[in-house]
Amino acid sequence: MPVAYNHKMRIATFNLENLDDGPDLRPALADRLPVLAPMLQRIDADVLCLQEVNGQRAPGAKERRLAALDRLLAAADIHDYQRAVSQKRGGGGLNDHHNLVTLSRPHIAESAQLWHDLVPEPVHTYVTADPAVKDAVALAWERPILQTRHDLSGGRALHLFNVHLRAPLACPVPGQKAGTFAWKTIAGWAEGYYLSEIKRAGQALELRLAIDRLFDADPQALICIVGDFNAEEHHTPIEILRGLDDNTGNGALSGRIMVPVEHSLPVDRRFTVIHQGHRQMLDHIMVSRALLGAYRGSEIHNEALADELTGQVAVNPSPVSYHAPVVAVFDL
């Protein structure tokens, strides 16, 4: 029987930016390992939530596996984690790209994923498609939310959600794209951007519903949501997830508010991405008020962070991740 955890616990999130392996991959995994492995060693997490972990299929194999991640963990000399991994919708193994992985030293008592389990697919009829499309289409999220429950001492449990919300990039609209990042009309781009926001807000709503179910069962639940939210504070997904009194107008719900732990850091340290010279806080760790009582501090490892725009135009792609890890420490 696994021993319950009683320890200063470090919980971290890190978007590895398309961690992959293959003969034609640039940058090669061998070039990325010397950069990423020391970052994992510095993070030194008890629970590490990773995003954008791609799956690889060995020659002749039917199922994909996390071979690139296994090589990274070996390079970092990390061997003592249990793991939970997101799956294709409906099951059936790993996705080829952008899997969620939660690595944990505390025992993972249960794991599951949310993918239109609480929020049905919104339905949309295109208004700028060229030629016109008469039939409505379903707007499915591209990724699930990975939920795990971890055993703590005294019969307590930590409920953790590993998150990667959709980026605020316009969804394709039939007949409106002129290239990968180019549009034929502003109206077409605007409809695509609108659809993207529906998906991103919808993912946040599904997570909020899952959080409220935990609060219904236990108002003092220890809840932590971590990951790449692709959103800053006051953007719609973060507002949905936090549930501030300012929005609900009901102080009786204040016990269900989720608190971003980066608030304990100086403002000039609160950034995990640099885009066109602008510092943005897109990766977050948010906790319930009960878990906030055990919170002891945060770290954002952004000292060597590069501008992600340089990665889009570089002749030789950089082996770095353009996201900074975020770490929170709890006395559990």
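Guide: Let's begin with β15 and β16, which run antiparallel and are joined by 5 bridges. Strands here are DSSP runs of E with at least two residues, helices are runs of H or I with at least four, and both are numbered from the N terminus. Two strands count as paired if DSSP finds at least two bridges between them. Within this pair, Gly-297 stands opposite Val-329 in β16.

A word on the source: this is a predicted model, in which local features need pLDDT of at least 70 and side-chain atom pairs count only at pLDDT 80 or more, while totals for chains, interfaces and linings use all residues. Residues are numbered from 1 along each chain as its sequence is written, and side-chain values use heavy atoms, with hydrogens and water left out.

Strand β16 also runs antiparallel to β1, with 6 bridges joining them. There, Ala-12 is opposite Val-327 in β16. Of the 6 residues of β16, 5 are buried, where buried means under 20% relative accessible area, with a 1.4 Å probe and protein chains only.

Now step back to the whole sheet. It is open and has 6 strands, in the order β3-β4-β2-β1-β16-β15, with mixed pairing. The edges belong to β3 (82-85) and β15 (295-300); each has a single partner strand, so one side of each is left without a neighbour in the sheet. From one strand to the next, the twist averages 15°; axes are lines fitted to C-alpha atoms, for helices over the stretch in contact, and angles run from 0 to 180 degrees between N-to-C directions.

Helix α1 (residues 29-43) touches β1 (8-19), β2 (47-53) and β16 (326-331), and its direction makes about 165° with that of β1. Helix α2 (residues 67-75) touches β1, β2, β3 and β4, at about 130° to the direction of β1.

Last, look at the loop between β3 and β4, where Gly-93 has its place. Gly-93 is buried, with a relative accessible area of 16%. Leaving aside neighbours within four places in sequence, Gly-93 is in contact with Glu-63, Gln-87 and Lys-88, contact meaning heavy atoms within 4.5 Å.

Key
Buried means under 20% relative accessible area, exposed over 50%, partly exposed in between (1.4 Å probe, protein chains only).
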